[in-house]
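This report sets out selected features of a single structural model. Please view the sequence and the structure together before reading on.

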Amino acid sequence: MNRDDLTPAPAPEAPVPHTGTLRTDIEVIRGETGLDGQPSWVLFEPTSGNYFRISNRHYQVIRMLTHDQPLPDFLRKLEAAGVRMPEAEVTKVLGFLAQSNLLRPGYQATAQRVGKMREFKAGMFWHIVLSSYLFFRIPIWSPDRFLNATRDFIGRIFNRWTMTTLWILVIVGFISVIVNAGRFADAFVQSISLRGLVGYGIAVFFIKI
């Protein structure tokens, strides 16, 4: 075995961080002048409707984000423009922009977000179906016809007196639960079993028929 074979392989180089680019739909608004005489700036994110107030010092960094580039090149760009700022502070500003969703996402980030959104919608499907089954009985086919046909009937039932009566029943039921909290808790714990779940499912099924 040669001595060269025992030489450890060089460690892979760490990827060079990039700056990213400010989203094109982000509005930059000039704010009030501070006590130091420097203006403040406001970033408006239209998707969430959030406003982010930044200092003029950090605005000088943000306005230089004309395109995505390696961080070392961006630091030299800031220095050439007369912006004196340590690398740690520049990284902090870029991290704030990324966490606040103010930077234009790259392809991988976009793909990950799309995948997470699809997983979230798939997980919500059965929840939506179950909620629709438990709380509404609107037919899937031609719901407008059903709603128009029952509008007058529903209007006569759910009037002011009906709602007042329902509120009274809710208050009475809530007080009854508080008074019998121990018995209610014991019955609830005993129902958490396979037999209890089957009984609950059968009861809900016949109630909704």
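## Basis of the model

The model is predicted; local features require pLDDT of at least 70 and side-chain atom pairs count only at pLDDT 80 or more, whereas totals for chains, interfaces and linings use all residues. Residues are numbered from 1 along each chain as its sequence is written, and side-chain values use heavy atoms, with hydrogens and water left out.

## The sheet

Three strands make up an open antiparallel sheet, ordered β1-β2-β3. Strands (E, at least two residues) and helices (H or I, at least four) are DSSP runs numbered from the N terminus, and two strands pair if DSSP finds at least two bridges between them. Strands β1 (27-33) and β3 (50-54) are at the edges with a single partner strand each, so one side of each has no neighbour in the sheet. From one strand to the next, the twist averages 30°; the angles run from 0 to 180 degrees between N-to-C directions, with axes taken as lines fitted to C-alpha atoms.

Strand β2 (residues 39-45) is joined to β3 by five bridges, and the two run antiparallel. In this pairing, L43 has F52 of β3 as its bridge partner.

## Helix α3

Helix α3 (residues 87-99) has 13 residues, which at 1.5 Å a residue should span 18 Å; the end C-alpha atoms are 18 Å apart, in agreement. The expected span is 1.5 Å times one less than the number of residues.

The buried residues of α3 are V90, V93, L94 and L97, where buried means under 20% relative accessible area and exposed over 50%, with partly exposed in between (1.4 Å probe, protein chains only). An α-helix has 3.6 residues a turn, so residues three or four places apart point the same way. The buried residues of α3 pack against β2, α1 (56-62) and α2 (71-80), while A88, K92 and Q99 are exposed on the other side. After α3 comes N101, with a positive phi near 60°.

## Arginine 23

R23 lies in the segment before β1 and counts as buried because its relative accessibility is 11%. Its side chain makes a polar contact of 2.7 Å with the side chain of D25, and another polar contact of 2.7 Å joins the side chains of R23 and E45. A polar contact is a pair of N or O atoms within 3.5 Å; within protein, one must be able to donate a hydrogen and the other to accept it, and residues adjacent in sequence count only if both atoms are side-chain atoms.

Leaving aside residues up to four places away in sequence, R23 touches E45, P46, T47, N101, L102, L103 and R104, contact meaning heavy atoms within 4.5 Å.
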